[in-house]
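User: Please go through this structure with me by question and answer.
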Amino acid sequence: MENFTPVSALIGGALIGASSSILLLLDGRIAGISGIMGGLLPPERGDTAWRVLFLLGLPIGVALWRLLGNPAAAIHITSSVPILVAGGLLVGLGSRIGSGCTSGHGVCGMARLSRRSLVATATFMAAAFVTVFVTRHLIGMGG
Amino acid sequence: MKQNLAALGAGVIFGLGLAISQMVDPAKVLAFLDLAGNWDPSLAFVMGGAVIISFFGFRAAAARIKPLFAAAFQMPKATDLDLRLIGGAAVFGVGWGLVGICPGPALAGLAFGLKESAIFVVALVVGAGFANLTLAKPVPKIPVTD
């Protein structure tokens with residue numbers, strides 16, 4: 001259990017929870033990123049601005065953290081280009097077909113005690129665990 | 001206007017949360033998903049913290065007739081556990097397990113300026129757009145009588 005960071009995890013999670021709460025209380029919308037993004041493909045008149053602004057906020061928040069909190073912050077992506085493409089396609093497809101992702105189902109849905117979201121979350125977690133096991137420990141894709 | 005500013009603010013806070021928790025780093029996410037490897041439980045704590053806070057925030061919303069800056073709450077209406085839900089979630093899970101990036105971190109991670117992030121986001125948008133196309137309600141066919 002090397003890099004276990006419970007405190008920053010909880011703080012970051014609480015901020016995500018706060019964000020979801022704010023979006024619902026103020027704008028009446030669910031903070032499911034795949035849904036917010038999906039509503040822009042294609043964009044619908046009168047229902048575009050809040051989506052674009054929320055999604056823009058995501059990298060802005062990260063940039064703010066890098067600027068003020070942790071200039072050394074970095075991310076590590078070791079996937080090859082074909083895997084990046086495959087992963088992106090599957091995440092895009094799956095989140096739309098399944099009506100949600102980790103934020104939509106995993107956070108918002110579970111917070112609402114939605115049975116659908118509970119099942120969806122359990123399903124994508126299991127699929128992700130199995131995929132990592134296969135790629136890292138059976139096929140040896142590394143990481 | 002207030003509605004849009006609130007959305008921007010919420011997005012920034014979400015992004016901050018992803019950055020502080022390091023969920024924007026696929027290596028950190030994959031370390032959680034790698035049960036058989038050097039397991040890092042951190043993501044569970046991120047989700048736990050998020051769900052707990054959301055739970056109370058959502059309860060506060062449920063006590064209101066309408067949101068503060070919008071006309072109505074737009075809540076998901078579906079209730080059934082169907083193949084689309086489960087199949088979609090499974091496909092999503094496989095994609096997530098392949099790279100360790102899901103939609104939020106994908107967009108947030110663009111802040112690091114890596115071409116890998118951009119490639120993933122393009123594929124993400126293509127996949128989502130394609131799904132939207134195929135999920136779109138089919139135009140009803142007018143029966144033709146010979």
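Analyst: Helix 5 (residues 102-111) of chain A is largely enclosed by the rest of the structure, because nine of its ten residues are buried. Buried means under 20% relative accessible area, exposed over 50% and partly exposed in between, with a 1.4 Å probe and protein chains only; helices (H or I, at least four residues) are DSSP runs numbered from the N terminus. This is a predicted model, in which local features need pLDDT of at least 70 and side-chain atom pairs count only at pLDDT 80 or more, while totals for chains, interfaces and linings use all residues. Residues are numbered from 1 along each chain as its sequence is written, chains are lettered from A and ligands numbered from 1 in the order in which they are written, and side-chain values use heavy atoms, with hydrogens and water left out.

User: Which helices do the buried residues of helix 5 of chain A pack against?
Analyst: Among these buried residues are A:His105 and A:Cys108. Contact means heavy atoms within 4.5 Å. In chain A the partners are helix 1 (6-27), helix 2 (33-38) and helix 6 (115-138), and in chain B they are helix 1 (2-21), helix 3 (42-62) and helix 4 (83-99).

User: Is B:Gly15 buried or exposed?
Analyst: B:Gly15 is found in helix 1 of chain B. Leaving out residues up to four places away in sequence, B:Gly15 touches A:Leu58, A:Gly61 and A:Val62. Its relative accessibility is 0%, so B:Gly15 counts as buried.

User: With which side chain does A:Arg51 make a polar contact of 2.9 Å?
Analyst: A:Arg51 lies in helix 3 of chain A and counts as buried because its relative accessibility is 8%. A polar contact is a pair of N or O atoms within 3.5 Å; within protein, one must be able to donate a hydrogen and the other to accept it, and residues adjacent in sequence count only if both atoms are side-chain atoms. The side chain joined to A:Arg51 in this way is that of A:Asp47.

User: Is A:Leu67 buried or exposed?
Analyst: A:Leu67 is found in helix 3 (residues 49-68) of chain A. In soluble globular proteins, nonpolar side chains tend to be buried together. For A:Leu67, however, the relative accessibility is 68%, so the residue counts as exposed.

User: Which residues touch the most other members of the largest nonpolar core?
Analyst: A nonpolar core is a set of buried Ala, Val, Leu, Ile, Met, Phe, Trp, Tyr and Cys residues joined through side-chain atoms within 4.5 Å. The largest has 63 residues, and those touching the most other members are A:Phe54, A:Leu55 and B:Trp96.

Methods:
Helix = DSSP H or I, 4+ residues; strand = E, 2+ residues; numbered from the N terminus.
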